[in-house]
Amino acid sequence: MVVHLAGRVSSRPSRRLPWSLALALLAVTALALRTATLPDYSNQAQRTTLATIAFVEVVAVLAVGVPLAVLAIRALRRLPPIPTVAPRPTTPT
C-alpha cells in the first residue's frame, strides 16, 4: 500500500482508481479482522503486549488506508457520468 501511495505521482490517472479502491477495501477488511480478533487476547498470558501490537497494527492500517480511501474517492468523482438514456441504434432504411 505504501508503494502505491509513493508511486501514484508517476502513474497515469486511469490506473490509479482500481488499485486505490482495491487497497482501500483491503485496508477496511484488515481493520475489521483485527478488531474482531481483539477479544481473543483477554485470556492470553501476554495480553498487554498483544494488545499493544494490535494497536500499532490498527494505527498503521489507518495511516495508509485513509489516504488511499481519499485518493479512491477523488478518482471516483473524476469519472465521467454514465449517460441516462442509451442511444437508439440506427438502421439503414
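User: What does Arg 34 touch, not counting residues up to four places away in sequence?

Analyst: Arg 34 touches Tyr 41, Ala 54, Glu 57 and Val 58. Contact means heavy atoms within 4.5 Å. This is a predicted model, where local features need pLDDT of at least 70, side-chain atom pairs count only at pLDDT 80 or more, and totals for chains, interfaces and linings use all residues. Residues are numbered from 1 along each chain as its sequence is written, and side-chain values use heavy atoms, with hydrogens and water left out.

User: Why do the side chains of Arg 34 and Glu 57 count as a salt bridge?

Analyst: A salt bridge needs a side-chain nitrogen of Lys or Arg within 4 Å of a carboxyl oxygen of Asp or Glu. Here the N to O distance is 2.7 Å, so the pair qualifies. By this rule the count comes to one salt bridge. The pair links distant parts of the chain: Arg 34 is in helix α2 and Glu 57 in helix α3, 23 residues apart. Helices are DSSP runs (H or I, at least four residues), numbered from the N terminus.

User: Is Glu 57 buried, partly exposed or exposed, and what about Leu 25?

Analyst: Buried means under 20% relative accessible area, exposed over 50%, partly exposed in between (1.4 Å probe, protein chains only). Glu 57 has 33%, so Glu 57 is partly exposed. Leu 25 has 52%, so Leu 25 is exposed. Leu 25 lies in helix α2.

Key:
Helices (H or I, at least four residues) and strands (E, at least two) are DSSP runs, numbered from the N terminus.
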